[in-house]
Amino acid sequence: MPPIPIHFAAKADLARAVESWRQWLGSEKRASAHTLDGYGRDLAAFLTFLTEHLAAEPDLAALAALGPGDFRAFLARRTQDGLGRSSLARLMSTLRGFFKFLDRHGLVHNPAIKAVKSPRPPKSIPKPLAPDEALEALSSAGELHDEPWLAARDVALFSLLYGAGLRLGEALSLLRRDLPKGDTMVITGKGNKQRVVPVLPVVRDAIADYLKRLPFPSESTDPVFLGARGGPLNPGVVQRQMRRLRQVMGLPDTATPHALRHSFATHLLAGGGDLRTIQELLGHSSLSTTQRYTEVDAARLTRVYRDAHPRAKA
């Protein structure tokens with residue numbers, strides 16, 4: 001899927017650099033269309049600000065001349081616009097990545113951005129489904145379609161997200177040739193990093209049932225999950241189906257496709273899985289990212305204690 005066009009004012013050399021950066025994100029970093037859209041909007045906001053701030057369309061030379069105060073002025077403007085700390089932190093992450101790309105390709109060298117501290121986003125913990133909710137979600141996913149093959153598709157997709165802990169983008173990027181022929185499969189995640197994940201028999205059976213019902217011819221290089229018209233399944237369609245599922249089951253807004261991945265990790269940890277193994281299964285580069293799930297389990301234990309212990313009740 002090509003990157004969504006973004007609109008900004010910039011001289012020709014900078015515009016070409018932006019396009020090269022976005023192409024690199026999509027091809028080398030395997031960023032999803034959703035991620036590309038977010039990065040693009042962040043950078044467009046920065047370049048739009050610079051046009052006003054510098055009273056001229058920016059070019060590569062203008063970026064090289066920026067000082068820490070210019071970046072801080074941009075953050076101040078976005079704060080006035082009502083952006084929270086999480087959004088501001090993402091903005092700075094986008095800019096750092098863009099300037100790093102420019103530096104690596106010999107286009108712009110500007111260490112000033114390193115002197116600007118990113119706002120620390122509020123600490124958050126994953127919000128998984130309860131085990132019974134996750135299982136019910138999988139069984140109920142097929143009830144939202146009148147078309148049997150679409151129902152089987154959603155069951156297979158949600159089973160894969162929960163049963164193997166995949167990101168939605170990883171699942172939707174799977175090709176027929178990537179499907180497991182045994183108990184494991186190789187997943188290519190962020191940064192083209194590959195990992196091996198186990199595939200439960202119930203997940204394999206759900207995928208096999210979906211493919212048996214698929215009404216379109218499919219080659220080994222075609223996506224596994226297809227939309228109603230036979231093209232690649234759009235993540236927005238999956239998000240919409242999950243919203244419908246939330247309404248049917250009375251689940252909170254935090255019950256998203258990504259929450260199935262959170263549920264995979266949290267339920268493994270609660271069942272005795274060790275952090276290092278879960279880190280490998282999720283494809284996290286840092287153990288600290290995986291450690292967030294210990295906070296989820298600790299919160300669950302605290303609730304159980306408060307609800308059950310006589311002293312806690314007193």
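**View 1. Helices α6 and α7 pack against each other at an angle of about 160°, with their axes 8 Å apart.** This is a predicted model, where local features need pLDDT of at least 70, side-chain atom pairs count only at pLDDT 80 or more, and totals for chains, interfaces and linings use all residues. Residues are numbered from 1 along each chain as its sequence is written, and side-chain values use heavy atoms, leaving out hydrogens and water. Helices (H or I, at least four residues) and strands (E, at least two) are DSSP runs, numbered from the N terminus. Axes are lines fitted to C-alpha atoms, for helices over the stretch in contact, and angles run from 0 to 180 degrees between N-to-C directions. Angles over 145 degrees count as roughly antiparallel, so that is how α6 and α7 lie relative to each other.

**View 2. Here's who meets whom between α6 and α7.** From α6 come Ala-134, Leu-135, Leu-138 and Ala-141, and they meet Asp-154, Val-155, Phe-158, Ser-159 and Tyr-162 of α7. Contact means heavy atoms within 4.5 Å. Sort these residues and you get 7 nonpolar, 1 polar and 1 charged (Ala, Val, Leu, Ile, Met, Phe, Trp, Tyr, Cys and Pro count as nonpolar, Asp, Glu, Lys and Arg as charged, and the others, Gly among them, as polar).

**View 3. The largest nonpolar core holds 49 residues.** Such a core is a set of buried Ala, Val, Leu, Ile, Met, Phe, Trp, Tyr and Cys residues joined through side-chain atoms within 4.5 Å. Buried means under 20% relative accessible area, exposed over 50%, and partly exposed in between (1.4 Å probe, protein chains only). Among the residues with the most contacts inside this core are Leu-157, Phe-158 and Tyr-210. Its largest share, 10 residues, comes from α7. A second, separate core has 32 residues, including Val-18 and Phe-49.

**View 4. Gly-227 sits in the loop between α9 and α10.** This glycine is buried, with a relative accessible area of 11%. Neighbours within four places in sequence aside, Gly-227 is in contact with Trp-149, Arg-153, Phe-216, Pro-232 and Leu-233. Gly-227 and Val-237 are 10 residues apart in sequence and 8.3 Å apart in space, C-alpha to C-alpha.

Methods: Angles under 35 degrees count as roughly parallel, over 145 as roughly antiparallel, 65 to 115 as roughly perpendicular and the rest as oblique.
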